[in-house]
Amino acid sequence: MTTAKNLNLFLSGIIVIIAGVVYGGHPAYVMPELLGFEVVDLELKNMLRAVMGIYMGVGLFWILGSFKANLWYAATLCNMLFMGGISFGRIVSTAIDGVSPLFTPALFLELLFFGWGLYNLKKYKELD
């Protein structure tokens, strides 16, 4: 598991699971403190906890892919698409809404993990 090939999946899996817990663990407390908006509606709480579930599910898949060779390719492809997609959304938001001091570092990390995943897919191919 200690190779750079697997480290991408392991690190991004841990980070995404933590982000999911932050978003959905206790949104009525965390969101006003972190992002400055109140979460009182049941529907918003449900949505944030659903995002938490997505993040935890894909994060766990990536961690499993870092340990199980038969999952590595699918997990890396999933990771690259997730990181590329979320980066794209943040770039669109930056262009339309302006620079977010809170999420710009996340954008750079997401682009790093996207590039690292792309590199790994090209270098290691399927089931090396």
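## Overall picture

A residue counts as buried when its relative accessible area is under 20%, as exposed when over 50%, and as partly exposed in between, using a 1.4 Å probe and protein chains only. By that rule, 33% of the 128 residues of the protein are buried. The model is predicted: local features need pLDDT of at least 70, side-chain atom pairs count only at pLDDT 80 or more, and totals for chains, interfaces and linings use all residues. Residues are numbered from 1 along each chain as its sequence is written, and side-chain values use heavy atoms, with hydrogens and water left out.

The protein has five helices and zero strands. Helices (H or I, at least four residues) and strands (E, at least two) are DSSP runs, numbered from the N terminus. The C-alpha trace spans about 50 × 30 × 20 Å along its principal axes. The accessible surface is about 7,500 Å², and carbon and sulfur atoms hold 72% of this surface; such areas come from the Shrake-Rupley method with a 1.4 Å probe.

## Nonpolar core

A nonpolar core is a set of buried Ala, Val, Leu, Ile, Met, Phe, Trp, Tyr and Cys residues joined through side-chain atoms within 4.5 Å. The largest one here has 19 residues, and Val-16, Tyr-55, Trp-62, Phe-82 and Met-83 have the most contacts inside it. Two or more residues come from each of α1 (4-24), α3 (42-67), α4 (69-97) and α5 (104-124). Helix α4 gives the largest share, six residues.

A contact means heavy atoms within 4.5 Å. Leaving aside residues up to four places away in sequence, Val-16 touches Tyr-55, Val-58, Gly-59, Trp-62, Phe-82 and Met-83. Among contacts in the protein with a separation of 6 or more, 69% join residues 24 or more positions apart.

## Helices α1 and α2

The axes of α1 and α2 (residues 27-34) come within 7 Å and cross at roughly 100°. Axes are lines fitted to C-alpha atoms, for helices over the stretch in contact, with angles from 0 to 180 degrees between N-to-C directions. The two helices are therefore roughly perpendicular, a term for angles of 65 to 115 degrees.

On the α1 side, Val-22, Tyr-23 and Gly-24 meet Pro-27, Val-30, Met-31 and Leu-34 of α2. This contact has six nonpolar residues, one polar and no charged.

## Arg-90

Arg-90 lies in helix α4. Its relative accessible area is 17%, so Arg-90 counts as buried. Beyond residues up to four places away in sequence, Arg-90 touches Tyr-23, Phe-103, Ala-106, Leu-107 and Glu-110.

Note on methods:
Angles under 35 degrees count as roughly parallel, over 145 as roughly antiparallel, 65 to 115 as roughly perpendicular and the rest as oblique. Ala, Val, Leu, Ile, Met, Phe, Trp, Tyr, Cys and Pro count as nonpolar, Asp, Glu, Lys and Arg as charged, and the others, Gly among them, as polar.
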